[in-house]
Protein chains: 2
Amino acid sequence: MDKNEEKTQVEEQEQDQVVNPWQVSSKGKIDYDKLIDQFGCQRLDTSLIDRVQRLTGRPAHVFLRRGVFFAHRDFGEILDAYERGENFYLYTGRGPSSEALHLGHLVPFMFTKYLQDAFKVPLVIQLTDDEKCMWKNLSIEESQRLARENAKDIIACGFDITKTFIFSDFDYVGGAFYKNMVKVAKCVTYNKVVGIFGFTGEDHIGKVSFPPVQAVPSFPSSFPHLFSGKDHLRCLIPCAIDQDPYFRMTRDVAPRIGYHKPALIESLFFPALQGETGKMSATDASSAIYVTDSGKVIKDKVNKYAFSGGRETIELHRKLGANLEVDIPVKYLSFFLDDDAELERIKMEYGAGRMLTGEVKQILTRVLTETVERHQRARAAVTDEMVDAFMAVRPLPDMFN
Amino acid sequence: MDKNEEKTQVEEQEQDQVVNPWQVSSKGKIDYDKLIDQFGCQRLDTSLIDRVQRLTGRPAHVFLRRGVFFAHRDFGEILDAYERGENFYLYTGRGPSSEALHLGHLVPFMFTKYLQDAFKVPLVIQLTDDEKCMWKNLSIEESQRLARENAKDIIACGFDITKTFIFSDFDYVGGAFYKNMVKVAKCVTYNKVVGIFGFTGEDHIGKVSFPPVQAVPSFPSSFPHLFSGKDHLRCLIPCAIDQDPYFRMTRDVAPRIGYHKPALIESLFFPALQGETGKMSATDASSAIYVTDSGKVIKDKVNKYAFSGGRETIELHRKLGANLEVDIPVKYLSFFLDDDAELERIKMEYGAGRMLTGEVKQILTRVLTETVERHQRARAAVTDEMVDAFMAVRPLPDMFN
């Protein structure tokens, strides 16, 4: 069977949009309802969000209020358990493929920090340096270097060192973690991973071997230094929805090897500046705002690249108002402008044509510059010793306090 | 493509005999010349054996003199390097699928001990408990228990603890070893492992992931506690020829990741009591003599099951002589009877019909009982502390002395 034929079965069923951990593309806007149907997850409804507010005694995070995290699997069961007084832990991760993170990369980490603070739970963060070494053909040394650099950006998001373990696969694979990898691998056929991930016969076996590596942090026994004797601790995974295939596989396997299925809470993709047909690329610099960008670069990128829903002429704009459905400045503000009233005002004024794209872009530039500069200050304070401390294999005695 | 079609490509090319790490079968006797051609290794000729004697100042091991180790890859280059005063190391292993070893399992270890003593070189022994867990559907705990039990039998072969590191994959995979696994996996496509090992789409991905695990002990950098800074140390692998597929793959990959190709010295299969159409099974007790068998059991098995080349009647036997080509007692004696003159006498007398099968079986029973009882005494002296000591991740400062 040749490569294209195999692809046919998997991806071109949904030819209008392709969403997997390595590719997010669509002919038009991503159809998230279709994705929810296709993947078989649930929409995150307001009753669940209300429950989060009630259980944690905090207002819901902006990413919850605005539907950035919009889908889930078994999130209700996590809340049930929490309400019964049971603990859980968070697991998220990053594939370190680039030196600097862009704003889209920050989204799951900002949200995970909120979850950690709100629920007071431990967190494991996987840096898949092995994955990036295999997919991007980076050297092991370069993948490991990028993992440490990315760890600094992650730490800069404000995680609590008494509740957070960051690990890289090249450092940590082995022992109980490797045993769980073998347990998972035994339960998944090659045909199955072809169906889920679209691998072909010409792909190297490193790719075929990788899904269990991303699966097993879902199981507490992969972290004996943290969760020894707590094999039934539940796991909640905040991630972008393109990671769902890994965890569909994981959830399929979990009960067969005696573990809970991990729960998921899944986000939209943070759109590229050029418009909402995919997620931003870590390698196309003009498609994204990086956390290393200066205020001037941010201003230039926003002005030059951010796709506008404004009309062709001022007259037409005053008459019709901006098309908010496609407008990137408004989308970006809905991620990063905390003030609900201010956001509503902008959407109202802009949508009615009383505000022009230039004004909205100016507000966006200010908001993003503040966000990025705050991040840069936090990152500058992260030392190598702090990275070592977060990545040390150690017990976390206060992780549930 | 269904399972059978895929098999067609790989195995039924050589339908008369199937030899891979999980299956050795043939319609008649294994055709080793054909196997050498098919695999692309070399026959071990007398000039190489003479060279071993000259370089080590010792008589060649009975397994060399009698062609038990009969094939090789680059063994000459190992001897060249040794002659130039360069060091090398030995790598062999075992898949711990059964409690007790049979005589066939001892063959590579007895020979490896001879090589270690003769060349005064370090040795790594891999116990592939992960492989057996995946192929035999054993639990991790049971695979690890069997690995430790098998380690005792291996230690009983007399290896030098100052030169020998025994490890199990479940214990040792990780760190530098895992990095080499990833390096190897990146260089091998799924189609390639299908071609080499005959995997099908219904096989689980643990199987697809495994070949790099068996490959990387061929590279000194997988053992930083032993060979740090010695990345160009050569490796010689004594094994039965059914393991050749792993090392064909390894040798193909090695230069692409900056390592020497490992050299191999490969043995015939130790035949089943019932005759020379495959290798003994670890699970069919009547096909093999186990190292745990008593003298009485050995006597019964030899008398009842050992396929005889003797003739149907004594008259016919006296006239035609035994057919030594198919006679199992003579085959077994050629492995385990050290005395060349005595073996020649038996073959002469038996082949001429002056000796009967019963007499040869009596000699074989004595020889095997001695071998097995010697092993049992040695194994009884192996303590758990010795196993721990051999398996400790530690430097071996005297390994080349």
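This is a predicted model: local features need pLDDT of at least 70, side-chain atom pairs count only at pLDDT 80 or more; totals for chains, interfaces and linings use all residues.
Trainee: How much area do chain B and chain A bury between them?
Mentor: Let's start with the contacts: 35 residues of chain B touch 35 residues of chain A. Of the area buried between the two chains, 66% is on carbon and sulfur atoms. The total comes to about 3000 Å².

Trainee: Which element gives the largest share of the side of chain B that touches chain A?
Mentor: Several helices give two or more residues to that side, among them α8 (140–155), α10 (175–186) and α11 (190–197) of chain B. By class, the residues there are 17 nonpolar, eleven polar and seven charged. The largest share is seven residues, and it comes from α10(B).

Trainee: How many residue pairs are in polar contact across the interface of chain B and chain A?
Mentor: Salt bridges first: the count between the two chains is zero. For polar contacts, both residues of a pair must be at pLDDT 80 or more, and the number found is 23.

Trainee: At what angle do the axes of α16 and α20 of chain B cross?
Mentor: Helix α16 (residues 295–305) passes α20 (residues 357–380) in chain B, with the axes coming within 9 Å. The contact includes B:I298 and B:V302 of α16(B) and B:L364 and B:L368 of α20(B). The crossing is right-handed, and its angle is roughly 145 degrees.

Methods. Residues are numbered from 1 along each chain as its sequence is written. Chains are lettered from A and ligands numbered from 1 in the order in which they are written. Side-chain values use heavy atoms; hydrogens and water are left out. Contact means heavy atoms within 4.5 Å. Buried area is the accessible area (1.4 Å probe) that two parts lose on being put together, summed over both. A salt bridge is a side-chain nitrogen of Lys or Arg within 4 Å of a carboxyl oxygen of Asp or Glu. A polar contact is a pair of N or O atoms within 3.5 Å; within protein, one must be able to donate a hydrogen and the other to accept it, and residues adjacent in sequence count only if both atoms are side-chain atoms. Helices (H or I, at least four residues) and strands (E, at least two) are DSSP runs, numbered from the N terminus. Ala, Val, Leu, Ile, Met, Phe, Trp, Tyr, Cys and Pro count as nonpolar, Asp, Glu, Lys and Arg as charged, and the others, Gly among them, as polar. Axes are lines fitted to C-alpha atoms, for helices over the stretch in contact, and angles run from 0 to 180 degrees between N-to-C directions. A crossing is left-handed if the near helix is turned anticlockwise from the far one by less than a right angle, and right-handed if clockwise.
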